[in-house]
Amino acid sequence: MSRRTRFSQAAVTVAVVALAAAGCGKSSNETGSGSDKSSSGYTGKGIGLAYDIGGKGDQSFNDAAYAGFEKAEKEFKIGGRDIEPQDGESNADKVQRLEQLAKAGYNPVIGVGFVYGPAVKEVAAKFPKVTFGIIDDETVKADNVADLVFHEEQASFLAGVAAAKATKKDHIGFIGGVDIPLIHKFEAGYEQGAKSVNSKIKIESQYLTETAQEGGFSSPDKGKDAANGQIEAGADVIYHAAGLSGQGVIQAAAEHKVWAVGVDSDQYGQKALAKYKDYILGSALKNVGGAVYELSKSVYEGKPLSGVQRGDLKSGGVGFADSNPKYKALTDVVSAVDKAKQEIIDGKVTVNTK
């Protein structure tokens, strides 16, 4: 029986650790050796996590997943293993990776990113007693699969409002990693949010690649080049939805002393981006870490989630980070973002997905 719920927001902190070469994929990290069975009937070996393109250390999407993985490990005193992707890998490689985790006794096994859809579908059918999770995909329908998805467009709407209020030139930009429907949701929300503030605002828009295999989510140099082009065209606030490539966007913005808007994680607080953080206006948050944590908790407690679990503004599944003191000082921007957030929660505003 599938249960449709909205996972609640879980506070998570990203920590990046060194990876040791092992297993299927470029590298992996294994911690712990099992659960504290005195307080739970959990019998698995721990959490299995398979990363998306860009891997751990992207300061964004994958690191958010790792944060939830780490939080669940520590809180429930269970083991875990996280595995990096390979460059140019096939679906068969993903199948092998997930099977490896399931055979080893990890439960749940979570694929980070929509690219794991076909692999999760295949492997979940072979291991019906294991709970599988897939982030950013809701096409896999099975009793032992949880589809962990989000209203990305809602967070992006807030990013658009912030950008339109913060720009001094009425000219902003959007950079998507790959030209796919998922990233179109980010662009649609951003554009709608910006135009709700200024219907005549100019918006540059660019996708780095047509396919993920071309490096759209894993090439900071591509992100930097695109951002430089948009800045030269006149944009003074740039929002990226480009994974690891977004580091290049943020670097370019800082070098030109214009605003960048981060994505997925609160990029203002990422150590790898510390020297650029003064130019990170905020970040459109997607609580990937919370989704990983909540699924792990449900399995640990013997009540595994399944079916579509969609995070939105109301549940805390998406949001807008306000960590930068310079953002907080822009009281008119903050007020506009807060107002837009409440209007979306109250149903007064419906955000576009295309």
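Which residues in α1 meet which residues in α8? In this predicted model, the α1 side brings Phe 61, Ala 64, Ala 65, Gly 68, Phe 69, Lys 71, Ala 72, Glu 75 and Phe 76, and they meet Val 288, Gly 289, Val 292, Tyr 293, Ser 296, Lys 297 and Tyr 300 in α8. Sort the residues of that contact and you get 10 nonpolar, three polar and three charged. As for how the pair sits, α1 (residues 61-76) packs against α8 (residues 288-300) at an angle of about 35°, the axes being 7 Å apart, and the crossing is right-handed.

Now hop over to another helix pair. Helix α4 (residues 152-166) packs on helix α5 (residues 181-197) at about 40°, with 6 Å between their axes, so α4 counts as oblique to α5. Here, too, the crossing is right-handed. Among the residues making this contact are Phe 157, Gly 160 and Ala 164 of α4, along with Phe 186, Gly 189 and Tyr 190 of α5. The contact's residues split into 10 nonpolar, six polar and four charged.

For a look at one pairing, take β7 (residues 171-178) and β9 (residues 237-241): they run parallel and are joined by four bridges. Gly 176 has Ala 241 in β9 as its bridge partner.

Definitions and conventions
Residues are numbered from 1 along each chain as its sequence is written. This is a predicted model: local features need pLDDT of at least 70, side-chain atom pairs count only at pLDDT 80 or more; totals for chains, interfaces and linings use all residues. Side-chain values use heavy atoms; hydrogens and water are left out. Axes are lines fitted to C-alpha atoms, for helices over the stretch in contact, and angles run from 0 to 180 degrees between N-to-C directions. Helices (H or I, at least four residues) and strands (E, at least two) are DSSP runs, numbered from the N terminus. A crossing is left-handed if the near helix is turned anticlockwise from the far one by less than a right angle, and right-handed if clockwise. Contact means heavy atoms within 4.5 Å. Ala, Val, Leu, Ile, Met, Phe, Trp, Tyr, Cys and Pro count as nonpolar, Asp, Glu, Lys and Arg as charged, and the others, Gly among them, as polar. Angles under 35 degrees count as roughly parallel, over 145 as roughly antiparallel, 65 to 115 as roughly perpendicular and the rest as oblique. Two strands pair if DSSP finds at least two bridges between them.
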